[in-house]
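Good morning, and thank you for coming.

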Amino acid sequence: MSLFKINNTFKPAGDQPNAIESLVKGVKSGMRHQTLLGVTGSGKTFTCANVIADIGKPTLVIAHNKTLAAQLASEYREFFPHNAVHYFVSYYDYYQPEAYMPVTDTYIEKEAMINEEIERLRHASTQALLSRRDVIIVASVSCIYGLGSPESYERVNVKIQKGMKTDRAEIVRRLIDIHFERTNVDLTPGFFRAVGNTIEIMPVNEKIIYRLKFESHSTGGGQTVVRAIDQIDHVTRAIKKSLDVFFLFPAKHFITDKAESDRALKTIKAELETRLGELKKEGKLLEAERLKRRTNYDLAMIREVGYCNGIENYSRHFSGHLPGEPPDTLLSYFPHKPDGSADFLTIIDESHVTIPQIGGMYGGDQSRKNTLIEHGFRLPSARDNRPLKFNEFEERVGQAIYTSATPSIFEGENSDQIVEQIIRPTGLLDPVIIIRPVVEKGKFMGQIADCITEAEKTIQAGFRVILTTLTKKMAEDLTDYLKDKKIKAEYLHSDIKTIERIEILTKFRRGEFDVIVGVNLLREGLDLPEVALIGILDADREGFLRSETSLIQIIGRAARNVEGRVIIYADVITGSIERAVKETNRRRAIQETYNKKHGITPKTIIKAIRDITDQMQTEHKKAVAEELKIDEALFQKNPKALIKAKEREMNDAVKVLDFETAALLRDEIAALYKKLEIMLDKSRS
């Protein structure tokens, strides 16, 4: 019986039953590579969910960007509400890698802004993989980058059991050893607080406090035991349950025990001596001195605190891997059979984009590292802190299913079978395509003016609009122009932070604005059924963004709405435009035939507006909102008395150092004052 229990609200329809059956047979018969060629809106994710439910193995789903990964994570959570579905992407909101430019003698220090919520979700992913099998991890391509060894990560976890003989100081030492930090104020993931005979800990993977209470052992002699382990809501401070035992994983993925750390320090020092000799022999005295200072400083930091900035560059020494060996990655945390082969399923979404991304990562990384090594900024072992090569990736993922509306040559040449999913269960047709010239009979028509006119008609009908440009600058300028025309618009491109991108798309679906302007972020996989018009500007500029594959993907964004239209602005019908229109019309004809045969009237998809930010919203904000609901009746009866009572509670919480409760009350009081002000304004008017 499968460990995965799929939400049976939906039933496979159209081409889905045949696709599910074929893919499941393929997996069970041992096929290594399969492709699901599914048109936009045909339910490829639902088909894959059914395959996962039937096969019953842990599954890795890889998407080519964070936004698409977030959407897929939300969908898989809806399909598998009782299983562990996690989101694993790069935790950087901003990332400038370490680099050196010899031409200008410019060294760029690594600079990064870590998103703590995403870091928490990464830890939740790895810990789920080490503790259960009913796991689906939806990841971006960052999953092929180096990560700490799963053996070390699992081995140094701390087991705390009710009744165990230990003292508070020993627990504190063990927490610091696995990179938890001590604080005297509010707890956040990865921190602990020790007050009196208690220790309170917030793990990195969840916003729950574990409180340990100690008491003297009955035998005396100064020994203490763990008297109680309570799981506490970190905002309300209410005890959720009492435990007999719990395991605490490290606060960082790169972690080693003392023996491994001592060994690593010796091998790093030995490599340093060898490399200094090479540089001096080449007459690179400046580079040798630079490397010596930097590495010795890092060694001192690792020796004293167990960590240093850029410790990942020494990962090969800590893992014990040989030079050139592939690093541990997220794939290492997935289960493997006794013979070492993968015991999990991999689904590569929008494979025509994701596969080339995975294939190109190693080369770019090595070019940057080689320059740093040559000029004395890093030891040669820094090369081994790298993404996987494509052949290494293929060896580690085992059985794979590629999904795309436009598979590339790779899928065609490597797949044991290609399964088509052309029919949409909703009966929706591919959109009507209109090709409109910018210049007609010598008269300049103006694509911007025309698409604004068409956009206004679509908005008046209650639908949304997507406009695609060739550059980020044009997307920003066009957005400003639309706003000047009193059209609610936003742009979306790669400079926008991960969470903000997801929030923009959610607001777009909710109707907080009507037009999104973007470049290529709006092509693959985004599920936006409210969109009834797509305008493709400068469509005749043949190239990556206006290739046949790109055009088919853009056109597909309008295939979830019965009113879907695409206007292609082009003075020349390029080969890509011609092929994209021909393929779209072919698919439209197949769906029309199916609809007539089965008496189906196409209907726009009605889909709940959910996104991963629902899960990423802080528990603090949720708790404040909940408290406001509870106190609504008291507020209506006597708002000033309620506020005074809350202020007294806040002050009492501060006196006993209960800062979480005090912070909750503080924010509730601020919200109550705002409500009171609105109430008074209404009474005056």
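Predicted model: local features only at pLDDT ≥ 70, side-chain atom pairs only at ≥ 80, totals over all residues.

Helix H17, residues 548-556, packs against helix H18, residues 575-598, at an angle of about 45°, with the axes 8 Å apart. Axes here are lines fitted to C-alpha atoms, for helices over the stretch in contact, and angles run from 0 to 180 degrees between N-to-C directions. H17 is therefore oblique to H18; angles under 35 degrees count as roughly parallel, over 145 as roughly antiparallel, 65 to 115 as roughly perpendicular and the rest as oblique.

Residues are numbered from 1 along each chain as its sequence is written, and side-chain values use heavy atoms, with hydrogens and water left out.

Which residues of H17 meet H18? They are Glu548, Leu551, Ile552 and Ile555, where contact means heavy atoms within 4.5 Å. Their partners in H18 include Ala580, Glu583 and Arg587.

An α-helix has 3.6 residues a turn, so residues three or four places apart point the same way.

Let us turn to a second pair. Helix H2 (residues 44-55) and helix H3 (residues 66-79) pack at about 50°, their axes 11 Å apart, which means that H2 is also oblique to H3. From H2, Thr45, Phe46, Cys48, Ala49 and Ile52 meet Leu72, Glu75, Tyr76 and Phe79 of H3.

Finally, helix H11 bends by about 30° at glycine 360, the bend being the angle between axes fitted to the seven residues ending there and the seven starting there. Just after H11, glycine 376 has a positive phi of about 80°.

Methods:
Helix = DSSP H or I, 4+ residues; strand = E, 2+ residues; numbered from the N terminus.
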